[in-house]
Amino acid sequence: MSPSYTVFLLAFFVYLSCHAIAFDPSPLQDFCVADKRSQVLVNGFACKNPDDVNPEDFLFSGLDKPGYISPDLGSNVTLVDVHKLVGLNTLGISVARLDLAPNSGLVPPHIHPRATEVLTVLQGTLYVGFVTSAPNFKLIAKVLNKGDVFVFPIGLVHFQYNIGRVPVVAFAGLSSQNPGVIPVAKAIFGSNPPISDDALAKTFKLDKDTVDRLQSEFWTATN
Ligand code: MN
């Protein structure tokens with residue numbers, strides 16, 4: 001094997017391994033049920049002793065029912081991540097149920113910093129989309145109906161909006177045990193402590209009074 005080919009192969013495998021460890025790790029055992037009481041700090045949770053693991057560690061119940069639909073946004077997202085289903089620890093996956101009220105129920109623009117989301121509509125008519133990163137900022141959007149599946153790539157701003165006359169029910173798979181969520185409006189105008197209103201006025205081409213008003217609004221964790 002020529003030296004240059006060896007270097008190429010080496011570089012290629014380094015490239016592959018970098019990608020392999022960039023997200024939730026591949027399991028090295030059947031399971032690693034999260035031990036929430038452990039004081040050990042690792043990327044995720046330490047494993048519960050396998051002898052103490054029981055079937056309930058792998059079970060979450062209740063996703064057949066809609067969550068509480070907030071009147072302001074007309075939506076609810078029930079995320080079942082590792083915090084609610086300890087058996088998900090180290091497995092790189094989670095699930096969510098979305099309910100959106102008829103005529104304008106909204107899951108506002110948000111980002112999952114650690115997961116791609118793949119959404120399946122079970123009922124209703126849902127306008128969804130995501131925006132690509134710089135320099136194009138292209139909106140990739142679609143109106144979904146029952147049975148449609150749409151994917152939102154990791155790290156991109158996306159939204160879901162009920163444009164129909166019936167409630168929307170949808171389920172999402174997410175490629176992390178802990179996808180996280182960054183609601184855009186909440187992160188910008190509802191941070192604690194607040195971002196400088198001068199900086200936000202400049203950013204959004206707004207006067208400071210408008211920024212101050214927006215910062216004094218109540219932003220839910222899902223805004
Ligand atoms: Mn989402």
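# A first look at the predicted model

User: Is S104 buried or partly exposed?

Analyst: S104 is partly exposed, with a relative accessible area of 37%. Here buried means under 20% relative accessible area, exposed means over 50%, and partly exposed lies in between, using a 1.4 Å probe and protein chains only. This is a predicted model, in which local features need pLDDT of at least 70 and side-chain atom pairs count only at pLDDT 80 or more, while totals for chains, interfaces and linings use all residues. Residues are numbered from 1 along each chain as its sequence is written, and side-chain values use heavy atoms, with hydrogens and water left out.

User: Where is S104, and what is its phi?

Analyst: S104 sits in the loop between strand 2 and strand 3 (106–111). Its phi is near 95°, a positive value in a residue other than glycine. Most residues other than glycine have a negative phi, and most peptide bonds are trans. Strands (E, at least two residues) and helices (H or I, at least four) are DSSP runs, numbered from the N terminus.

User: What about F137, buried or exposed?

Analyst: F137 is exposed, with a relative accessible area of 54%. Phi of F137 is also a positive value, near 50°, and the residue belongs to the loop between strand 5 and strand 6. P135 is placed in the loop between strand 5 and strand 6 (139–144) too, and a cis peptide bond with omega of about 5° joins A134 to P135.

User: What does strand 2 pair with?

Analyst: Strand 2 pairs in the antiparallel sense with strand 1 (residues 75–80) over six bridges, and in the antiparallel sense with strand 9 over seven bridges. Two strands pair if DSSP finds at least two bridges between them. L98 in strand 2 is the bridge partner of V77, and A96 stands opposite A172 in strand 9. Six of the seven residues of strand 2 are buried.

User: How many residues does the largest nonpolar core have?

Analyst: It has 18 residues, and those with the most contacts inside it are L98, L119, L126, V128 and L144. The largest share, four residues, comes from strand 9. A nonpolar core is a set of buried Ala, Val, Leu, Ile, Met, Phe, Trp, Tyr and Cys residues joined through side-chain atoms within 4.5 Å.

User: What does L126 touch?

Analyst: Not counting residues up to four places away in sequence, its contacts (heavy atoms within 4.5 Å) include L100, L119, V121 and V168. A second, separate core of nine residues includes V33, L63, V82 and V86.
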